[in-house]
Amino acid sequence: MSDQQQKFIEQGYIVLEKGLDATDMGLLEQSNAQLYQQAQALLEDAVAGQYTLSNYYKEAADDLIVVPEIDNPTKVCRYEYIRACNQSVREHLVPKLQQYIKGLTGVDFVLFKDKCNAKNPGGGAFEPHQDVIAYNKFKPNYHITVAIFLDESTKENGCLHFAKNYRADLAGKGINRFTTPAGELQVLPSDSGGSKNGNITDEICQQINWQEILAKPGDIVIFDSYVPHYSNKNESKYPRRAMFFTFNAKSDGDFYQAYYQMKHAEFDNPAFHIATPTAHSQTL
Ligand SMILES: O=C(O)CCC(=O)C(=O)O
């Protein structure tokens with residue numbers, strides 16, 4: 001077993017400096033420019049009163065999904081459904097990421113969901129959470145996400161923090177374990193409903209040792225859906241863009257279309273807005 005495989009099994013995440021090369025990043029920048037413009041235009045039409053996003057997506061089930069920041073309906077927090085809306089991501093990037101994951105796990109994975117967090121100035125924060133609880137409407141109970149940083153990620157602009165070794169930090173605390181393809185993993189106590197929907201409880205967060213991930217454009221982090229993570233607000237003057245491609249084992253089935261069919265139909269459902277700085281995280 002390689003060091004990386006060992007580390008991934010132990011920590012639930014690994015950081016790969018320069019995981020993507022300049023050509024990949026050039027393609028992603030082009031894709032982002034087109035997708036971000038589309039996302040911004042959708043928000044502007046909503047603010048101009050042409051529709052509510054929730055009603056719009058009930059009809060426009062094939063369109064890019066955009067979610068505004070909680071404090072500003074014209075500010076893009078994130079856009080999603082990237083593979084469906086962008087050819088170069090579909091044909092070039094996703095197959096490449098699948099190869100990375102197969103190299104790490106020896107298993108075939110398929111895309112479950114994708115998103116870009118724009119994290120514009122003043123945007124964020126994403127409270128401490130485990131991604132798996134946001135995906136529990138679907139069969140797979142284990143996922144692997146590749147985070148790709150388009151901008152340098154710093155303390156000031158809200159870099160990600162991962163739990164260094166939460167299993168050791170929380171050993172013996174009687175937390176429920178679930179059997180996953182990667183062994184027994186813990187789903188930590190979290191808040192349910194209201195503005196803290198999906199956040200890992202403060203009491204548990206305080207017992208976790210966190211590691212900040214300072215990254216350069218092209219660096220990637222590969223992490224499973226159980227490893228706790230969070231990021232603070234972007235206090236800088238520039239966006240901190242990062243894309244996240246989440247996969248599940250092919251043997252569990254292909255849920256990409258089913259996931260986005262539900263998300264278009266139930267745009268406001270808080271289950272889709274766990275620990276995010278969006279209005280939908282405020283209600284249940
Ligand atoms: O983009 C970030 O800083 C955090 C992302 C995250 O945790 C999420 O989208 O679930």
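Me: How are residues divided into nonpolar, polar and charged?
Reply: Ala, Val, Leu, Ile, Met, Phe, Trp, Tyr, Cys and Pro count as nonpolar, Asp, Glu, Lys and Arg as charged, and the others, Gly among them, as polar. The model discussed here is predicted: local features need pLDDT of at least 70, side-chain atom pairs count only at pLDDT 80 or more, and totals for chains, interfaces and linings use all residues. Residues are numbered from 1 along each chain as its sequence is written, and side-chain values use heavy atoms, with hydrogens and water left out.

Me: Which residues surround the ligand?
Reply: A residue is near a molecule if one of its heavy atoms lies within 4 Å of it. Here the shell consists of Arg78, Lys115, Asn117, Lys119, Phe126, His129, Asp131, Leu160, His229, Ser231, Arg240 and Phe244. Three of these residues are nonpolar, four polar and five charged.

Me: Which strands each supply at least two residues of that shell?
Reply: Strands are DSSP runs of E with at least two residues, and helices are runs of H or I with at least four, both numbered from the N terminus. The strands in question are strand 4 (109-117), strand 5 (126-129) and strand 12 (229-231).

Me: What is a polar contact?
Reply: A polar contact is a pair of N or O atoms within 3.5 Å; within protein, one must be able to donate a hydrogen and the other to accept it, and residues adjacent in sequence count only if both atoms are side-chain atoms. A side-chain N or O atom of arginine 240 is 2.7 Å from an oxygen atom of the ligand. For histidine 129 the distance from a polar side-chain atom to a ligand oxygen is 2.9 Å, and for histidine 229 the corresponding value is 3.1 Å.
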